[in-house]
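Thanks for coming. Please look at the sequence and the model on the screen, and I will talk you through them.

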Amino acid sequence: MNALLLAAAAEEQPPLIPHLDELVIGLIAFVIVFGFLAKKLLPNINKVLDERREAIEGGIEKAESAQIEAQSVLEQYKAQLAEARHEAARLRQEATEQGTAIIQEMRAEGQRQREDIIAAGHAQIEADRKSAATALRQDVGKLATDLAGKLVGESLEDHARQSRVIDRFLDELEERAVPTGAAR
């Protein structure tokens, strides 16, 4: 009978719903565990979370300051790079100007040397012409004196007379040659 009573009592209570005394004991145990966790474990957890939050915020601040510093370094680098490019362009311009000046100086020097060479050539030609004219004058004078001596029948060996005759003869030849050369 007892077994039947127990079976009947067991049938009255659904098997999934616990007894009231088990609920009270479970609730008391939960409050004890919760209180222990709230007193001992929760402050440590909060402390670790606060430290972690501060570390993250500090890391963010450090990252922001590092980013600002990197940005300023980048700006300095860009400024230095722009200055270096400007300096390179200036040096390139100066080199071009110096090269142009050197080329102009070399051209002027070459022109001057060319003119000196031409002037020296003209002077040499003029000296050679005068030398040839003097030699020709002497040869023509000698030939003219000999020819005149044969024509006249006298000797024209007198040097002063010979020079006057030769000079007069050559001057007449030159006067005839100048108008003919000018007419060309």
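I will go from the overall fold to the record annotations, then the salt bridges, and end with the pocket.

A word on conventions. This is a predicted model, in which local features need pLDDT of at least 70 and side-chain atom pairs count only at pLDDT 80 or more, while totals for chains, interfaces and linings use all residues. Residues are numbered from 1 along each chain as its sequence is written, and side-chain values use heavy atoms, with hydrogens and water left out.

First, the fold. The chain has three helices and zero strands, and along the sequence the pattern reads α-α-α. Helices here are DSSP runs of H or I with at least four residues, strands are runs of E with at least two, and both are numbered from the N terminus. Of the 184 residues in the chain, 5% are buried. Buried means under 20% relative accessible area, exposed means over 50%, and partly exposed is in between, with a 1.4 Å probe and protein chains only. The chain exposes about 16,300 Å², and carbon and sulfur atoms supply 62% of that area. Accessible areas come from the Shrake-Rupley method with a 1.4 Å probe, and for residues only the protein chains shown count as cover.

Next, the record. UniProt, in an unreviewed entry, lists residues 23-42 as "transmembrane region". In the model that span is 100% helix and 0% strand, and its end C-alpha atoms lie 26 Å apart. The unreviewed entry also lists residues 60-98 as "coiled-coil region". This span too is 100% helix and 0% strand, with 55 Å between its end C-alpha atoms. UniProt positions are in the numbering used here, feature names are shortened, and annotations may be inferred rather than shown by experiment.

Now the salt bridges. How many does a search of the whole structure find? The search finds six, where a salt bridge is a side-chain nitrogen of Lys or Arg within 4 Å of a carboxyl oxygen of Asp or Glu.

Take Arg 53 and Asp 50, whose closest N and O atoms are 2.7 Å apart in a salt bridge. Both residues lie in helix H2, three residues apart, about one turn of the helix. Arg 53 is partly exposed at 45% relative accessible area, and Asp 50 is partly exposed at 33%.

Arg 112 and Glu 109 form a salt bridge at 2.4 Å, N to O. They too lie in helix H2, three residues apart. Arg 129 pairs with Glu 126 in a salt bridge, at 2.5 Å between the closest N and O atoms. A network of salt bridges also links Glu 87, Arg 90 and Glu 94.

Last, the pocket. What lines the largest pocket? The lining consists of Ala 133, Thr 134, Leu 136, Arg 137, Val 140, Leu 170, Leu 173 and Glu 174. Helix H2 (20-152) and helix H3 (159-183) are the elements that give two or more residues to this lining, and H2 gives the most, with five. A pocket is an open set of points on a 1 Å grid over the protein atoms alone, where a 1.4 Å probe fits, with protein on both sides within 12 Å along at least five of seven lines; lining residues have an atom within 4 Å of a point. About 180 Å³ of space lies in the largest pocket.

Notes:
Points joined across faces, edges and corners; volume = space filled by probe spheres on them.
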